[in-house]
Every structure is written in structure tokens, then in C-alpha cells.
Amino acid sequence: MNTPGRPPDTGARRRASIQREQFRQARRIHGGLWGFCLAVLGVKLARVPIPSRRLRQRLFRDLYARMYPPGLDEQEAERPLGDYPTFNALFTRGVKRGHRPIPAVGSDLLSPCDGTVQDLGRVEGGRLLTVKGTAYSVESLLAGLDVRPYEGGQFAIIFLSPIDCHRVFSPSDGRIDEAVHVPGARLLVHPPCQSPEYPVYTLNERMILSLSTDSGSCAVVLVAGWGVGKITLPLAPGFRPGSRRVESYRWPSPPQVERGGWIATFELGSTVVLIASSSPEATPLVSPNERVRYGQPVFRIDPHGRPV
């Protein structure tokens, strides 16, 4: 509470502003208050089992085709649609082997997820600068992790749509040194909704995975969007961070991961920020607005440290 002679609590005012913007964005994208309420109900029911296999198959097929044309690619799902008991189970589904070929060898850094490349660029002056003109401090994005390896490195921002596989995979062979959970808002990560006033990647809840690879340091940042239930780590199922403070997790023995190995899962909307260290130099292999699949090379790394 403010007292006479004291300046207003700008922190509380900022938090209230972010909450209002979060509600305004969600209401707008769902076509008004009624649509927003239905969307909230849908999120709440996402884990409720649907009793009939036939009903599940029809519901998943028709609903996705109507809302997100052309709908789900049933051929790549690891199980038939009717085998997923809930919307959440379908959303966090895996993909059949062979539908995401992973290069067996090479130093390329791979896409950690399915989605659309929203931004590509270089870390300069400790900042990421997006196409929409929003500058993000790498220090604030990575929440206390050592950011020095990333100065001059490349970054890619990949937006996942509701029809994409929402598992996240390792972009390289290596080990996971640390996982850091940062609580935050649930502003929409959809590109049209972003603005410099509300820098979504540093305001929203996120999970940061710090990796060490033969090519240097690498950070995979999972940014939660509106409706996300939680972000989970298959290699740390007991890590259940709270919503009040930053928490980190270090394994007694850092797990080794293979390129294309499953390392995290989103439950509902999301974006992934991939940051590569500055040495050796990395050359982009994809472009903004390009659709990518996990396991697809996104940066070419020269093992000798020279631009390719």
C-alpha cells in the first residue's frame, strides 16, 4: 500500500498492466468475451478423458480441420487419433520414427521443434533484436545464466501452432548442465500480438535449458503462451517448480543427450528460442516465415571456427 510522501508502487502497477494486457489479448484473439470464456473452459477440460474412442477420433479430426486447416497429419502421429484419451494427450503426442529423420553425423545445429521461424539474427551488445523491433536482453532472457558465450552468436525464434508436435528436442549431441524455470505472465506468443511495450519472451513464464556441446554452449528457451498448462522435462520428472520465484535444477550427473533426443514438453501454446554460442561461427540455413520440423538443420557450424 502506498503511504503519503512515497512514490507509487510502480512494480505493482506494471504487473497490473501486464495482467490487463494478457486479458485484452486473449479476449481479442478469441473474438470477444464469450469466445474467451469458451477457450478458458476448453483449457480446463483438456485433461478430462473423452469416453469413446470413436468420439475422440471424430472430435480431434473435425475440430482441428475446422479451426486449424488443413488439420492434423494423422500419418505422422505415433498412435491413431482415437488412442489419445484427452486433448492434452493429443497435444503432447510424439511422432513416428522416420517422419523426422535426424542427421547421424555433422556439426549442424538442429531445430529443436516443429513450427514456423519467426526471427533469426545475431546477438549484439547482449541483445536480441526481433523483426518487430523489440530488443531483448540476453541476460534477462536467460535469467542469471552466464551469457558471455552468446555474444556474437546466432539465435532463432520458432513459433509452434496448435497443430504442431509440442515436444522439444535436443539441437545437438551434448549434455544438459542446468534447467531454470522462470515464473511469469501468459501473454500471447502469436507474432501479431507482440509489441515492444510488452516484451513477451522476458515477461512470460519460461523454462531455460543450458547445454554444452562439441560446438560450444547452447541455450533452448521454452516460452509459455496463453493457455499453457505447464512445461515438463522427461529427464527430470520430479522437477515441479512453483509460480513465485526462479528455480533451477541440476542433475547429480548431467544427462547426456543425442541430437533429436526428447528434452521437454509444452502443454498448449508456445515458442522456442534457440541461442548458439559465438564460437565457432554459425551460418543460418533457414529464413523467417519458413516452416521447419524438429531435426532439420537451422545453423551450419564450422568446427574450425570460420564462417561457412
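This is a predicted model: local features need pLDDT of at least 70, side-chain atom pairs count only at pLDDT 80 or more; totals for chains, interfaces and linings use all residues.

Me: Which residues of helix 1 are buried?

Reply: In helix 1, Ser17, Ile18, Glu21, Gln25 and Ala26 are buried, where buried means under 20% relative accessible area, exposed over 50% and partly exposed in between (1.4 Å probe, protein chains only). Because they cover an arc of only 165° around the axis, they sit on the same side of helix 1, the arc being that of the directions from the helix axis to the C-beta atoms.

Me: And what does the face turned away from the buried side carry?

Reply: That face of helix 1 carries the exposed residues Arg13, Gln19 and Arg20.

Me: New topic: is Thr271 buried or exposed?

Reply: Thr271, which lies in strand 14 (residues 270–276), is buried, with a relative accessible area of 0%. Leaving aside neighbours within four places in sequence, Thr271 is in contact (heavy atoms within 4.5 Å) with several residues, among them Ile157, Phe159, Tyr201, Val221 and Phe266.

Me: Where is Gly152, then?

Reply: Gly152 is in the loop between helix 5 (138–142) and strand 5 (154–160), and at 23% relative accessibility Gly152 counts as partly exposed. Not counting residues up to four places away in sequence, Gly152 touches Arg122, Val123 and Ser278.

Me: How many cavities of 30 Å³ or more are there?

Reply: The count comes to one, where a cavity is a set of points on a 1 Å grid over the protein atoms alone at which a 1.4 Å probe fits but cannot get out, and lining residues have an atom within 4 Å of a point. The largest cavity holds about 60 Å³ of space, a volume being the space filled by probe spheres set on the points, which are joined across faces, edges and corners.

Me: Which residues are closest to its centre?

Reply: Of the 10 residues that line the largest cavity, the closest to its centre are Leu109, Ser215, Ser217, Ala276 and Ile301. Strand 9 (residues 216–224) gives the most to this lining, with three residues.

Terms used: Residues are numbered from 1 along each chain as its sequence is written. Side-chain values use heavy atoms; hydrogens and water are left out. On a 1 Å grid over the protein atoms alone, a cavity is a set of points where a 1.4 Å probe fits but cannot get out, and a pocket is an open set with protein on both sides within 12 Å along at least five of seven lines; lining residues have an atom within 4 Å of a point. Helices (H or I, at least four residues) and strands (E, at least two) are DSSP runs, numbered from the N terminus.
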